[in-house]
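Please work through each task before reading its solution.

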Amino acid sequence: MMVKTKIYCYLMFGALSSSSKMMTNAFVTSARNKVTTATAYRLQQQQRQLQIRHVTLPPRDRRFDNTNTRLHTSVTGTIYTASKSEDEVSPTIVKLFTKEGCTLCDKVTEVLKSVQDQEPHTLQAVDITDPEHEVWWSKYKYDIPVLHLNDQYWIKHRLDVTEAIDGLRQAREGTFVEQQGDPDAGAMEAKQAERESQNNNN
């Protein structure tokens, strides 16, 4: 009886050991597969990031849609004209570089209108999205409103009443000088493309 019991226990122990080994092997294999899959996924993501890093997409031209149809109505033209005085041959010309829907441009226009009686001037709008204004689009596409005084760069983005009066007075007196900070998006983009090209070659 004891011999039979020992044989039965031995057989049971052997069966359990075999089953345990199979389960262990299956667990190890599953774990290895998960690690391999995770590693492959990480490598794939890293490769995608490297590809994204080194691919430079051309900037979308925001003047036209996918069918090359113009998105904006031209707003180029004279907004208002200064009345010439007897002793003033050529009034100050302010050029507002703008486009349709520019709310900051509207605010700048309101400020200039508010000082028109104190410092008379003519305000002209230049729509940078016009095909004939390609140069201005290249320079100012990220920075409107931009203002010129008598064809010299004056200010960008915002204008308050004090700045308007001071600039117009200087233009009237002939003491205005072109200000620093004239934006040039096209030149900036060209430099960035050149740097990226050099990095890719290295």
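Predicted model: local features only at pLDDT ≥ 70, side-chain atom pairs only at ≥ 80, totals over all residues.

**Exercise 1.** Determine which backbone oxygen the side chain of His121 reaches, and which side chain it contacts. Then classify His121 as buried or exposed.

*Solution.* 
Step 1. The backbone oxygen belongs to Glu119, and the side chain of His121 reaches it at 2.8 Å.
Step 2. A polar contact at 2.6 Å links the side chain of His121 to that of Tyr80.
Step 3. Residues under 20% relative accessible area count as buried. His121 has a relative accessible area of 0%, so it is buried.
Step 4. As for its place in the fold, His121 belongs to strand S3, which covers residues 121-127. With neighbours within four places in sequence set aside, the contacts of His121 include Tyr80, Thr81, Ala82, Thr92 and Val94. Leu112, Val115, Gln116 and Leu168 are also among them.

**Exercise 2.** Describe how strands S4 and S5 are joined, and state how many residues lie between them.

*Solution.* 
Step 1. Strand S4 spans residues 146-149 and strand S5 spans residues 152-156. The two run antiparallel and are joined by 4 bridges.
Step 2. The exposed class begins over 50% relative accessible area. Asp151 has 55%, and is therefore exposed.

**Exercise 3.** Identify the peptide bond between Ile144 and Pro145 as cis or trans, and locate Pro145.

*Solution.* 
Step 1. Omega is about 5° for the bond joining Ile144 and Pro145, and this peptide bond is cis.
Step 2. Pro145 is placed in the loop that runs between helix H3 (134-140) and S4.

**Exercise 4.** What is the phi of His157, where does this residue lie, and how accessible is it?

*Solution.* 
Step 1. His157 has a phi near 75°, which is positive although the residue is not glycine.
Step 2. The loop between S5 and helix H4 (161-173) contains His157.
Step 3. Values between the buried limit of 20% and the exposed limit of 50% count as partly exposed. The relative accessibility of His157 is 27%, so His157 is partly exposed.

Notes
Residues numbered from 1 in each chain as written. Heavy atoms only, no water. Pairing = 2+ DSSP bridges. Buried < 20%, exposed > 50% of the residue type's maximum accessible area, 1.4 Å probe, protein only. Polar contact = N/O pair within 3.5 Å; in protein donor to acceptor, adjacent residues only side chain to side chain. Contact = heavy atoms within 4.5 Å.
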